[in-house]
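Here is a friendly walk through one structure, from its core out to its charged pairs. Please keep the viewer open as you read.

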Amino acid sequence: RGVVMKMAEVRKLAKELGVKSFGRTKVQVIREIQLKQGNFDCFATAGDYCDQLDCCFRSACFEEGRKLAKGK
C-alpha cells in the first residue's frame, strides 16, 4: 500500500478483518487493524524508527505521525 490510504480503503480492509469502523477516526480503525494483523497498535506514534516491518501501514504511519505532531 502507498503512503496515502483513503478512509474508504481503510474501511474496506477493516470490514475484511471484522473491525468496526463506523463513528471512529481513521487512526482508531487503523490501530485496531494493526492488532488484528499481529502488529502493535501504534499507528502515527513512531518518531523516526519502527520495527514493525510487516505492517501494511508502516510508510503511512510516519507521514501521519508528522502531521499529528504539527497539529494538522
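## The nonpolar core

The largest nonpolar core has 18 residues, and those that touch the most other members are V10, V29, I33, F43 and F57. A nonpolar core here is a set of buried Ala, Val, Leu, Ile, Met, Phe, Trp, Tyr and Cys residues joined through side-chain atoms within 4.5 Å. Buried means under 20% relative accessible area, exposed means over 50%, and partly exposed lies in between (1.4 Å probe, protein chains only). Two or more residues of this core come from each of helix 1 (7–17), helix 2 (26–36) and helix 3 (58–70), and helix 2 gives the most, with 4 residues. Helices are DSSP runs of H or I with at least four residues, numbered from the N terminus. As background, nonpolar side chains in soluble globular proteins tend to be buried together.

A word on the model: it is predicted, with local features needing pLDDT of at least 70 and side-chain atom pairs counting only at pLDDT 80 or more, while totals for chains, interfaces and linings use all residues. Residues are numbered from 1 along each chain as its sequence is written, and side-chain values use heavy atoms, with hydrogens and water left out.

## Helix 2 and its buried face

Which residues of helix 2 are buried? They are V27, V29, I30, I33 and Q34. Viewed down the axis of helix 2, these buried residues fall within an arc of 160 degrees, so they line one face of the helix. The arc is taken over the directions from the helix axis to the C-beta atoms. The buried residues of helix 2 pack against helix 1 and helix 3.

Setting aside neighbours within four places in sequence, V29 is in contact (heavy atoms within 4.5 Å) with M7, V10, A14, V19, K20, S21 and R24. Just after helix 2, G38 takes a positive phi of about 85 degrees.

## Salt bridges

How many salt bridges are there? The count comes to 3, where a salt bridge is a side-chain nitrogen of Lys or Arg within 4 Å of a carboxyl oxygen of Asp or Glu. In helix 1, K12 and E16 are 4 residues apart, or about one helical turn, and their side chains meet in a salt bridge at 3.9 Å, N to O. K12 is exposed at 56% relative accessible area, and E16 is exposed too, at 55%.

In helix 3, E63 and R66 lie 3 residues apart, about one turn of the helix, and their side chains form a salt bridge at 3.4 Å, N to O. Both count as partly exposed, E63 at 31% and R66 at 44%. An α-helix has 3.6 residues a turn, so residues three or four places apart point the same way. E32 and R24 make a salt bridge as well, with their closest N and O atoms 2.6 Å apart. E32 is partly exposed at 26%, and R24 is partly exposed at 27%.

## Cysteines

The structure holds 0 disulfides, a disulfide being a pair of cysteine sulfur atoms within 2.5 Å. For C56, the nearest cysteine sulfur is that of C55, 5.4 Å away. C56 is partly exposed, at 24% relative accessibility. For C61, the nearest cysteine sulfur belongs to C42, at 5.7 Å. C61 is buried, with a relative accessible area of 4%.
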